[in-house]
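Subject: The model, and what turned up in it

Hi,

Here is the structure I promised to send over. Have a look at it first, and then read on for my notes.

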Amino acid sequence: MIARLGLPLGRPRAAWGTAGVLLAVYAVTMARGPTFYDSPELALVAHELGVGHPIGQPLHTLVGWLFAHLPGVPPHVGLTLMSALFGALAVLPAWSLSERFAPPADRPLASLGRALALAGFGLSLVAWEPATRVEVYTLAAFGALWTLARATDARTFGAWLGVGVALGLTASTHAVMAASAALALIPL
């Protein structure tokens, strides 16, 4: 069985395939050294388990520390790989949400349009750029999308508690993205 990350996925193989293609593109095109904006600071903070500029990004720092210390991988490459990985994994909750609004058809090629649309967005500058350097946005986007996708299927108190924990983890990476996801949850 294909892992679904706790998400309702009608076509998990197609979703994972799309994420895999994006991860491959991100990995081939990612920065191998410090870039611009906050990337050098985020890399140093994650590598040293420090505290970045207020308000800090504790989840990014803790997960980043693991990626910065991958055996045989330079720290900056490991951290950029983390951005690439979460940028690609964001396809899974986005796929789940898109199926919620347009359920998958039973035809073999029915997922092609969904895959092309999500891959196209993943290759757009707004998604590709933070996925190919050290940045918090891909982890935060994954968290926000995963929170929303889980919420669309939440029926019990325990499920909603899990949504709240996911939203809190997202907030520990990027407060504005978490607040946006929380606003999107209001109709549910």
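A quick word on terms before the notes: a residue is called buried at under 20% relative accessible area, exposed at over 50%, and partly exposed in between, with a 1.4 Å probe and protein chains only as cover. Helices are DSSP runs of H or I with at least four residues, numbered from the N terminus.

Do keep in mind that this is a predicted model: local features need pLDDT of at least 70, side-chain atom pairs count only at pLDDT 80 or more, and totals for chains, interfaces and linings use all residues. Residues are numbered from 1 along each chain as its sequence is written, and side-chain values use heavy atoms, with hydrogens and water left out.

Let's start with helix α10, residues 175-185. Its buried residues are A178, A181 and L185. These three sit on the same side of α10, because the arc they cover around the axis is only 60° (the arc is taken from the directions from the helix axis to the C-beta atoms). V176 and L183 are exposed, on the face turned away from that buried side. The cover over the buried residues of α10 includes α8 and α9 (157-171). Behind this sort of pattern is plain helix geometry: an α-helix has 3.6 residues a turn, so residues three or four places apart point the same way.

Helix α6 (112-122) can be read in a similar manner. R114, A115, L118, A119 and G122 are buried there. They share one side of α6, since they cover an arc of only 120° around the axis. L116 and F121, on the other side of α6, are exposed. What do the buried residues of α6 pack against? Their partners are α1 (12-29), α5 (91-101) and α7 (125-131), where contact means heavy atoms within 4.5 Å.

In α2, the buried set is S39, L42, A43, V45 and A46. An arc of only 165° around the axis holds them, which puts them on the same side of α2. They pack against α3 and α4 (75-89).

The largest nonpolar core has 36 residues, and Y26, F86, V91, W95 and L185 have the most contacts inside it. Helix α8 (residues 137-151) gives the largest share of this core, six residues. A second, separate core has seven residues, including A46, L79, V134 and V136. For both, the rule was buried Ala, Val, Leu, Ile, Met, Phe, Trp, Tyr and Cys residues joined through side-chain atoms within 4.5 Å.

Two residues are worth a click in the viewer. Not counting residues up to four places away in sequence, F86 touches V63, T138, L139 and F142. S96 lies in helix α5 and is buried, because its relative accessible area is 2%. With neighbours within four places in sequence set aside, S96 contacts L7, P8, L9 and A149.

As for charges, the whole structure has two salt bridges (a side-chain nitrogen of Lys or Arg within 4 Å of a carboxyl oxygen of Asp or Glu). One joins R133 and E129 at 2.3 Å, N to O, and the other joins E135 and R133 at 2.8 Å. Together, E129, R133 and E135 form a network. Are these residues buried or exposed? R133 and E129 are buried, and E135 is buried too.

Last, the backbone and the surface. Most residues other than glycine have a negative phi. L5, in the segment before α1, has a positive phi near 55°. L5 counts as partly exposed because its relative accessibility is 34%. L49 lies in the loop between α2 (39-48) and α3 (58-68), and at 44% relative accessibility L49 is partly exposed. With L62, W65 and L66, L49 makes a nonpolar surface patch of about 390 Å². Patches take residues with over 30% relative accessible area and no salt bridge, joining like charges within 9 Å and nonpolar side chains (Val, Leu, Ile, Met, Phe, Trp, Tyr) within 5 Å; areas come from the Shrake-Rupley method with a 1.4 Å probe, and for residues only the protein chains shown count as cover.

Cheers

Terms used: Helix = DSSP H or I, 4+ residues; strand = E, 2+ residues; numbered from the N terminus.
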